[in-house]
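Subject: Handover of a structure and the findings from it

Dear colleague,

Please find below the structure that I am handing over to you. I would be grateful if you kept it open while reading the notes that come after it.

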Amino acid sequence: MRLELENDTVLDDPTPEAIAQALGTLGQKDNSFAILSTEEELTFIQTSGSPKTGFVLEYQERTGSKTEIYQAANRSIPLQEIVAAFQD
């Protein structure tokens, strides 16, 4: 797994604690999105937003030739829920 943030932070195989710490920086200047991807980069979870306004959450999964993309209906998800989704 690889966690990438807008501010050029890249963490390979991040621990749950490292994920929480990195996502806690979202909303700061030039740091509004994060992507956690598999090694193949075809399956990933991503978020954008800030603790003040909330976050959007998307998930893409590719199996063989089939790609499925999901987006949470709630467009203002609290940071704690985003952290939990990325750690899951």
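The model is predicted, so to speak of local features a pLDDT of at least 70 is required, side-chain atom pairs count only at pLDDT 80 or more, and totals for chains, interfaces and linings use all residues. Residues are numbered from 1 along each chain as its sequence is written, and side-chain values use heavy atoms, with hydrogens and water left out.

The whole chain

The chain holds two helices and six strands. Both kinds of element are DSSP runs numbered from the N terminus: helices are H or I with at least four residues, and strands are E with at least two. Read from the N terminus, the order is β-β-α-β-β-β-β-α.

A compact globule of 88 residues would have a radius of gyration near 12 Å, and the chain agrees with this at 12 Å. That radius is taken over C-alpha atoms, and the globule rule is 2.2 Å times the number of residues to the power 0.38. Along the principal axes, the C-alpha atoms fill a box of roughly 40 × 30 × 20 Å.

Of the 88 residues, 30% count as buried. Here, buried means under 20% relative accessible area, exposed means over 50%, and partly exposed lies in between (1.4 Å probe, protein chains only). Among contacts between residues at least 6 apart in sequence, 36% join residues at least 24 apart; a contact means heavy atoms within 4.5 Å.

The paired strands

Two strands are said to pair if DSSP finds at least two bridges between them. β1 and β3 pair in the antiparallel sense over four bridges, and L5 has A34 in β3 as its bridge partner. β3 is also joined to β4 by five bridges, again in the antiparallel sense, with I35 opposite Q46 in β4.

Seven bridges then link β4 to the antiparallel β5, where F44 stands opposite Q60. A hairpin of three residues connects β4 to β5. Six bridges join β5 to β6, which also run antiparallel, and the bridge partner of T63 in β6 is K66. The hairpin of β5 and β6 has two residues between the strands, and G64 there takes a positive phi near 60°.

The two helices

Which residues of α1 are buried? They are I19, A22 and L23. Seen down the axis of α1, these buried residues fall within an arc of 95°, so they line one face of the helix. The arc is that of the directions from the helix axis to the C-beta atoms. The exposed residues E17 and Q21 sit on the face of α1 turned away from its buried side. The cover over the buried residues of α1 includes β1, β2, β3 and α2.

In α2, which spans residues 79-87, the buried residues are L79, I82, V83 and F86. Their arc about the axis of α2 is within 100°, so they too line one face of the helix. An α-helix has 3.6 residues a turn, so residues three or four places apart point the same way. The buried residues of α2 pack against β1, α1, β3, β4 and β5.

Q60 lies in strand β5 and counts as buried, at 16% relative accessibility. A polar atom of the Q60 side chain is 3.0 Å from the backbone oxygen of L42. Leaving out residues up to four places away in sequence, Q60 touches L42, T43, F44, T67, E68 and I69.

S37 belongs to strand β3 and is buried, with a relative accessible area of 4%. Beyond its neighbours within four places in sequence, S37 is in contact with M1, R2, E4, T43 and F44.

Is A72 buried, exposed or partly exposed, and where does it lie? A72 is in the loop between β6 and α2, and at 27% relative accessibility it counts as partly exposed. A72 touches L57 and I77, not counting residues up to four places away in sequence. The C-alpha atoms of A72 and K29, which are 43 residues apart along the chain, are separated by 25 Å.

Yours sincerely,
A colleague

How values were computed: A polar contact is a pair of N or O atoms within 3.5 Å; within protein, one must be able to donate a hydrogen and the other to accept it, and residues adjacent in sequence count only if both atoms are side-chain atoms.
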